[in-house]
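Please read it alongside the model.

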Amino acid sequence: MPTEITADGQVIPPRNITQPAPVLDTRAFQWRGLDTSSETQSADDHEEKRDTNQTPLVAINLLLPGQRVPPPSAQSLPTAPQRVISEEDMLRKQLGIDKIHEGRLPFPLEHFHGSYAGNGFNMIFRPNKFDGGPKVDGDNGIKDNILELNLTTEQWTFGPTIGDIPNRGFGTEPTITLGGMPYLQTVQNVTNLDTGKGDSLLTNKPNGIHLEPGVFLFVPESSSTKGKKSIVRMASIPHGTTINAQGLVPVPNALKPPFTGKTIFSNSVIDTTPFSIGNPSSRLPQFFTSMNADRPNPFREPSDLSKFNTSKTGSGRITSETIKNPNKVLEKALEGQNITNVISFDLSTGPSQSKGSATLNGGGISNISFLNGPQSTITSAAPTLADNPNAHAEFFTNRWWVETVLYEVKLKGPLKPNETVREVWATMPRGSLAPTPVFNVTAPGNGVNIKGDFSVRVPGVQLQYSQTVNLNFGGLTWPHVSVATLVPTTPQPVLLPGPRGP
């Protein structure tokens, strides 16, 4: 959810996240590809081939707390698979200061690289065990569920690409080569009942609520996609659900300025009110008073939202509007930002019981037996209402926004030619609820002749996503929505234009 500001002006997510997502190290693994002779190639051969078309990265030489980083000439990187990864190596990889370039997937996934962190909001209707009496509890609504609301911090680690993945065509269908990239997402609940903010990170250990290993795929054009390229997100969730979501590669520059929260999210309004399975037009707000943030409700956590609401003592972090449409959280995060470009794309697991169309065939979602419930026959088919599922995840949809933001950074001159000022945190707009990025700023070849403090605007990348999982139980479909705003955890390299003078 929103960035929180401490009394001394420090910003959390990603600045105060001390335990980012674990490192994904796949250097010892490279897909064999189509050429069987590659089986005899060394790991170094794969590494060199993978780096051929990569954009050189600006050198980063960060000192870890209590450690000295030797110069590159003194480092020795054993070849995979014999390489032993120390804790220091893992941390340096996580921080993005490993000198080996890592492959990236094509547009629009170029920025899905390294590690990101930020803040978000999660809402889910959980099944609630009750005594079998009356299902409706007066003004408190239906009692067979608990509405859980979380202000969150989260981290994404995108590993290096894993090489060329061949998919052989049958008959006259040409063989295609996929690009793959592993990722790991971790999410913590940082809801603070005392402050009404997402700042419990400062007072106690965050509560982990989600861990998701997965793979992004880039799929070239084929007859199956009618000559279009596509993106795939494959994920495994420890509750017992796996997803295979797909979507088409977007058209570059399809979204036009001005880029504001209102314009970007004008066509991304969602409604989390539960509805009868297969009939999204049958939403029943009168039975779900837990979605009303203005009054306490025993079937909601937190039950009392007065400190989170927009009352005189509330922070405005959780309102009735954001419960119904969590994308409002993403819209709010963009207030005051100078956004110069936006790329958006959608992924889904295919047609659902509530949405009968999809852009691609295939895809899907699968659940363990407990989630599907005690079905009368052993089958992989989706459970029916009579099967009484516990929480059948029936459909998944995911929208991403890749945003270029102009941030203000403050520097002190003069700067020598090609001098790099490291770890410069952006100055965020007053009251901003977006995470704060960090930059390594390099002066031009003629330096900067300004004496004293000066400010410049530098471009940085910001990711936002919204995803919905439809859970079926009790005869209804219950939308489970997660949203977040993310920035790189490592300094983004920026070269100042020249010449500059007083």
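With which residue does Glu331 form a salt bridge, and how far apart are the closest N and O atoms? The partner of Glu331 is Lys328, and the closest N and O atoms are 3.5 Å apart. A salt bridge here is a side-chain nitrogen of Lys or Arg within 4 Å of a carboxyl oxygen of Asp or Glu.

This is a predicted model, in which local features need pLDDT of at least 70 and side-chain atom pairs count only at pLDDT 80 or more, while totals for chains, interfaces and linings use all residues. Residues are numbered from 1 along each chain as its sequence is written, and side-chain values use heavy atoms, with hydrogens and water left out.

**Salt bridges**

- The structure holds ten salt bridges.
- Glu331 and Lys328 both lie in helix α5 (residues 327-333), three residues apart, which is about one turn of the helix. Helices (H or I, at least four residues) and strands (E, at least two) are DSSP runs, numbered from the N terminus.
- Salt bridges with shared partners join Lys262, Glu321, Lys328 and Glu331 into one network.
- Lys328 also forms a salt bridge with Glu321, where the closest N and O atoms are 3.8 Å apart.
- Glu331 counts as buried because its relative accessibility is 14%; buried means under 20% relative accessible area, exposed over 50%, and partly exposed in between (1.4 Å probe, protein chains only).
- Lys328 counts as partly exposed because its relative accessibility is 24%.
- Glu321 has a relative accessible area of 47%, so Glu321 is partly exposed.
- Arg233 forms a salt bridge with Glu212, with the closest N and O atoms 2.7 Å apart. This pair links distant parts of the chain, 21 residues apart: Arg233 is in strand β6 (residues 230-237) and Glu212 in strand β5 (residues 207-219).
- Arg233 and Glu212 are both buried.

- Strand β2 (residues 145-158) is mostly covered, with 14 of its 14 residues buried.
- Both faces of β2 are covered. Buried residues on one side include Leu147, Leu149 and Leu151, and those on the other include Ile146, Trp156 and Phe158.
- Strand β1 (residues 114-127) runs antiparallel to β2, and 14 bridges join the two. Two strands pair if DSSP finds at least two bridges between them.
- The bridge partner of Ala117 in β2 is Gln155.
- Strand β4 (residues 176-189) pairs with β2 in the antiparallel sense over seven bridges, and Gln188 in β4 is the bridge partner of Thr153.
- Strand β9 (residues 300-301) pairs with β2 in the parallel sense over two bridges, and Glu301 in β9 stands opposite Glu148.

**Two buried polar residues**

- Ser115 lies in strand β1 and is buried, because its relative accessible area is 4%.
- The side chain of Ser115 makes a polar contact with the side chain of Thr489 at 2.4 Å. A polar contact is a pair of N or O atoms within 3.5 Å; within protein, one must be able to donate a hydrogen and the other to accept it, and residues adjacent in sequence count only if both atoms are side-chain atoms.
- Gln492 lies in strand β17 (residues 492-495) and is buried, because its relative accessible area is 11%.
- Leaving aside residues up to four places away in sequence, Gln492 touches (heavy atoms within 4.5 Å) Pro437, Val438, Phe439, Asn440, Gly460 and Val461.
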